Amino acid sequence: MQSAVLDHRRSPLTRLRAWVKTITFYELLVGMKATMKHFLNYRPITLQYPHEKRTLPDSYRGMLSLLRYDDGTEKCVGCDLCEAACPSRVIRVVSGEVPGEPTKRYAKEYYMDMTRCLFCGLCVEACPVDALGMTREFEWAVYDKRDLHLNKQQLLAIGDRSYPVREKRLELQHPNTAFFNVAFQHVPQKPD
Ligand code: SF4
Ligand code: SF4
């Protein structure tokens, strides 16, 4: 009733326009115009994975890895700091003394249960010798979760393929460390 009163108050020209729009389905055509515009300028945004892959950002945090120095020696000194820093209890380190070098330690065994990892990067931050690195690997879907329990050799292999350019040994970067090792190299080795 109210709309009929309002319609009555509109000018004849406005009413004629509204009538023409109604009989020509004007609003429908406006909607179809927008649809056709997108249809004719169609650019798919879905990537056809695995044939197409997304460009990862520089800060991408993928699978973890253990790193080596340029002469192939492992960087890890078995200090357990990464194990302590990890909020998800992913890491287990069994450390030991380097044979013949009682002032040095290394990771005899190193395990990561990647089913629990949050990829937070706290372990990488905690490592005092930059022995851990986050790679850009993400294609780690497996049928058996046990395949994501990685040991030291597997983690080193990931590091080898993700970080082909390696740092010099710490002794060569910091001569003081070399002096320390030389000065204490005659200290008798403790039994393992
Ligand atoms: S990235 Fe985070 S959750 Fe994963 S192992 Fe390192 S500290 Fe633990
Ligand atoms: S990876 Fe780094 S923090 Fe973890 S045990 Fe080895 S040296 Fe220590």
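**Group meeting: a protein with two ligands**

Of the 192 residues of this protein, 11% count as buried. Please keep in mind that what you see is a predicted model.

I will start with the overall layout. The protein has 8 helices and 5 strands. Along the sequence, the order of these elements is α-α-α-β-α-β-β-α-β-β-α-α-α. Now the contacts: if we take those between residues at least 6 apart in sequence, 71% of them join residues at least 24 apart.

Next, the strands. β2 covers residues 91–98 and β3 covers residues 101–113. These two strands pair in the antiparallel sense, over 8 bridges. Together β2 and β3 make a hairpin with 2 residues between the strands. In that hairpin G100 takes a positive phi, near 85°.

β3 has another partner. Strand β5, residues 149–150, runs antiparallel to β3 and is joined to β3 by 2 bridges. On that side, M112 stands opposite L150 of β5.

Now let us look at one residue, Y110. Where does Y110 sit? Its place is in strand β3. Its bridge partner is V93. Is Y110 buried or exposed? Y110 counts as buried, because it has 26 C-beta neighbours inside 10 Å, and the cut-off for buried is 20 or more.

Which residues does Y110 touch, if we leave aside its neighbours within four places in sequence? The contacts are L66, C76, V93, K152 and L155.

Ligand 2 is surrounded by 14 residues. Here the closest are C76, C79, L81, C82 and C127. The shell of ligand 2 divides into 12 nonpolar, 1 polar and 1 charged.

One residue links the two parts of this talk.

Notes
Residues numbered from 1 in each chain as written. Chains lettered and ligands numbered in written order. Predicted model: local features only at pLDDT ≥ 70, side-chain atom pairs only at ≥ 80, totals over all residues. Near = placed C-beta within 6 Å. Nonpolar A, V, L, I, M, F, W, Y, C, P; charged D, E, K, R; others polar. Pairing = 2+ DSSP bridges. Helix = DSSP H or I, 4+ residues; strand = E, 2+ residues; numbered from the N terminus. Buried ≥ 20, exposed ≤ 12 C-beta atoms within 10 Å, placed from the backbone. Contact = placed C-beta atoms within 7 Å.
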